[in-house]
Amino acid sequence: MSVLVNKQSRVLVQGFTGSEGTFHAGQMIEYGTNVVGGVTPGKGGTEHLGKPVFNTVADAVKHTGADVSVIFVPPAFAADAIMEAAAAGIGVIVCITEGIPTLDMVKVKEYLSSRNSRLVGPNCPGVITPGEAKVGIMPGFIHQQGRVGIVSRSGTLTYEAVDQLTKAGLGQTTAIGIGGDPIIGTTTRDAVELLMSDDKTEGIVMIGEIGGGMEAEAAYWIKEHGTKPVVGFIAGATAPKGRTMGHAGAIIGGKSDTAEAKKAILRECGIHVVDSPADIGKRMLELLK
Amino acid sequence: MNLHEFQGKQILSRYGVSVPFGIVAESPAKAVEAAKEVQAKTGLDRWAVKAQIHAGGRGKGGGVKIAKTLEEVELYADQIIGMMLVTPQTSAEGKLVRKVLVEQNIFYPGPSPVSEIYMSILMNRAKGRNMIMYSTRGGMDIEKVAEETPDLIFTEEIDPKVGLQGFQARQIAFNLGLSGDAYKEMVKFVFSLYKAFESSDASLFEINPVIKAADDRIFAADAKVTIDNNALYRHTDIAAMRDLHEEDPIEVEASRFDLNFVKLDGNVGCMVNGAGLAMATMDMIKMSGGEPANFLDVGGTANAKRVEEAFRIILKDPNVKAILVNIFGGIVRCDRVAQGIVDAYNNIGAINVPIIVRLQGTNAAEGKALIDQSGLKVFSAIKLQEAAELVNEVLKA
């Protein structure tokens, strides 16, 4: 088993014929992901990377049975693309786009609240189930089918954790990059819940950062319902207050936003917190021995 | 993006929020002219002279004065323009004041007492909704109010499906203890303020204080306005309000090369791809006995040109005793980054601080070989732990 995406996933690429979409869709196909087609308004009826192009997501779903969508649409149009995917009944929508206005995401969140679609992102590396499906921009080769699930707000820091788990011989079930924006679809807690109920996942790596209350919320859930060991890392112990550190969501406002406060809550909830990012793989190996 | 008070007030007034009438001046003579115009327009002979910098607490540092005569306007403008204004929100050396806002004084006499109110609009991230936060204790540090009298802080959450509703605006006015004309004015004020917030893609409005004047009119007496950077493309007029003087010159230069840079006070510079990994690298520097000198995300396309610019920017800081480069190659190939480092080293010349390079991911081994064979004084590592140990050794040496 795995979560969100697997070999059976029928993946649609929104923003298929643009430069980002073309490059990453090519990489996804090469990895073995079942990409069934793409959407670029106005280019319907043509073919790209050997796959059909459609004008609308609804059209694409009708002809291909797509159930997962990955979005590479520019920020000004990305909110619209997410809602289009949800309206067409896509179950898992992965939005890679960085730089979507926050008030657009407020509308998207409201729109999704009454529909059955799950959004991952935006501003995220995507989701990968090693050996089955890569839906995003992560380097496929560092992953290995295995025993540990990952949830993370960051891109390259996730790769770091993946790499350590691969080298420790543990591998990954599914790695979920939830994104660094203030408003995102799938939260840390949502992703942890999914991984907790996945048979194959034996342990979970939870990577957070300063800003917001998502890690604390996940930690309290784990304290109540957790059945597997969780290794936690929170980036930004040395970040100054009031400055945005790269991600729009990574900013220390109040006291509960700091790395120290978050780590304290995680520890209190039974999560194995590592202070150095270099220790993530090692700690998980100890726990799963 | 942060705005000056006068710019924030321009945006507010576009949407019908009443603000004190005022004019910006860059010299004492212009301040006097502005004061005359304010007097002609409002009939009032008292003025507020307010320093325009991107920091709160200006009054505490002597950046806000009430003038009773035109001579005083000139005197205060002369004192404030050109001063290094130190407030609780600036650095110890303060910020250079280039402009003052000369405004009508809203503490004019009238039939009812003047009161100061706090009001802000911001995002409740957990719920993904905007909320209006307000308090009867205006004109004070809101964090202090939250600590001392949390029951005097109220919130109204806005449902994005229907927007701000009338009952919510009325609730706000009632909770603020207003009645009669002041109550009606406040309801209007709240609606206009929320409209301004949404229409300008703001991420924060903080109006502290909102003044209920002696004639029951409601004014935004101050305006701290932050606009969502991601939405500036659809507000070119607001984007044009950016004041580069208010930003760190090194950070401005970095942004020209699409480098995301934040200056810090430590002794170890760093260059990383990805914001999360950059923060984690800073934390690791601290654990290795150093202090991070900066945050620097070179982004997804860490090519030779950007690597070179990143080095130049980090090296401007004389406190930097070592530089840690941490690249996890995904789409970015490590051998290309390594070539960029070698080229930068040769182009810049005479780099006297040790450089530790950790390359991992795509073509990491090729990258490390390139660095090892270059003959440069660069320490290379593949594992994160090795890099941390090298930082520690270099600092001890």
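Trainee: Where in chain A is the place of Leu4(A)?

Mentor: This is a predicted model, and Leu4(A) has a phi near 65°, a positive value in a residue other than glycine. Most residues other than glycine have a negative phi. As for its place, Leu4(A) is found in the segment before strand E1 (11–14) of chain A.

Trainee: In which loop does Pro122(A) lie?

Mentor: The peptide bond that leads from Gly121(A) to Pro122(A) is cis, with omega near 10°. Most peptide bonds are trans. The loop that holds Pro122(A) is the one between strand E7 (118–120) and strand E8 (126–129) of chain A.

Trainee: Which strand of chain B holds Pro209(B)?

Mentor: Asn208(B) and Pro209(B) are joined by a cis peptide bond, and omega is about 10°. Pro209(B) belongs to residues 202–212 of chain B, which form strand E10.

Trainee: Why is one side of strand E9 and of strand E14 of chain A left without a neighbour in the sheet?

Mentor: In chain A, 7 strands make an open sheet with mixed pairing, in the order E9-E8-E11-E10-E12-E13-E14. Strand E9 (133–136) and strand E14 (272–273) of chain A stand at the edges, so one side of each is left without a neighbour because each has a single partner strand.

Trainee: Which residue in E11(A) stands opposite Val148(A)?

Mentor: Strand E10 (residues 145–152) and strand E11 (residues 172–177) of chain A run parallel and are joined by 5 bridges. Within E11(A), the residue opposite Val148(A) is Gln172(A).

Trainee: At about what angle to E10(A) does H5(A) run?

Mentor: Helix H7 (residues 214–225) of chain A lies across E12 and E13 of chain A, at about 155° to E12(A). H5(A) lies across E10, E11, strand E12 (203–209) and E13 of chain A, and its angle to E10(A) is about 160°.

Trainee: What is the order of the 4 strands in the open sheet of chain B, and what is the average twist from one strand to the next?

Mentor: The pairing in this sheet is antiparallel, and the order is E1-E6-E2-E3 (chain B). Strand E1 (22–25) and strand E3 (64–67) of chain B stand at the edges, each with a single partner strand. From one strand to the next, the twist averages 20°.

Trainee: Which residue is the bridge partner of Val24(B) in E6(B)?

Mentor: E1(B) runs antiparallel to strand E6 (residues 100–104) of chain B, and 4 bridges join them. In E6(B), Val24(B) has as its bridge partner Leu101(B).

Trainee: Which strands of chain B does helix H3 of chain B touch?

Mentor: Helix H2 (residues 28–42) of chain B lies across E1, strand E2 (47–51) and E6 of chain B, at about 20° to E6(B). Helix H3 (residues 70–80) of chain B packs on the sheet, and its direction makes about 165° with that of E3(B). The strands that H3 touches are E2, E3 and E6 of chain B.

Trainee: Which three residues supply 17% of the area that chain A buries against chain B?

Mentor: Between them, chain A and chain B bury about 3,700 Å², with 62% of it on carbon and sulfur atoms. The contact involves 54 residues of chain A and 47 residues of chain B. The three residues, which supply more than any other three, are Leu103(A), Glu110(A) and Thr238(A).

Trainee: Which element gives the largest share of the side of chain A that touches chain B?

Mentor: The interface has 6 salt bridges, and one salt bridge joins the side chains of Arg358(B) and Glu160(A) at 2.7 Å, N to O. Elements giving two or more residues to this side of chain A include helix H4 (102–113) and helix H5 (156–167). The largest share, 7 residues, comes from H5(A).

Methods. Residues numbered from 1 in each chain as written. Chains lettered and ligands numbered in written order. Predicted model: local features only at pLDDT ≥ 70, side-chain atom pairs only at ≥ 80, totals over all residues. Heavy atoms only, no water. Pairing = 2+ DSSP bridges. Axes fitted to C-alpha atoms, helices over the stretch in contact; angles between N-to-C directions. Contact = heavy atoms within 4.5 Å. Buried area = accessible area lost by both parts, 1.4 Å probe. Salt bridge = Lys/Arg side-chain N within 4 Å of Asp/Glu carboxyl O.
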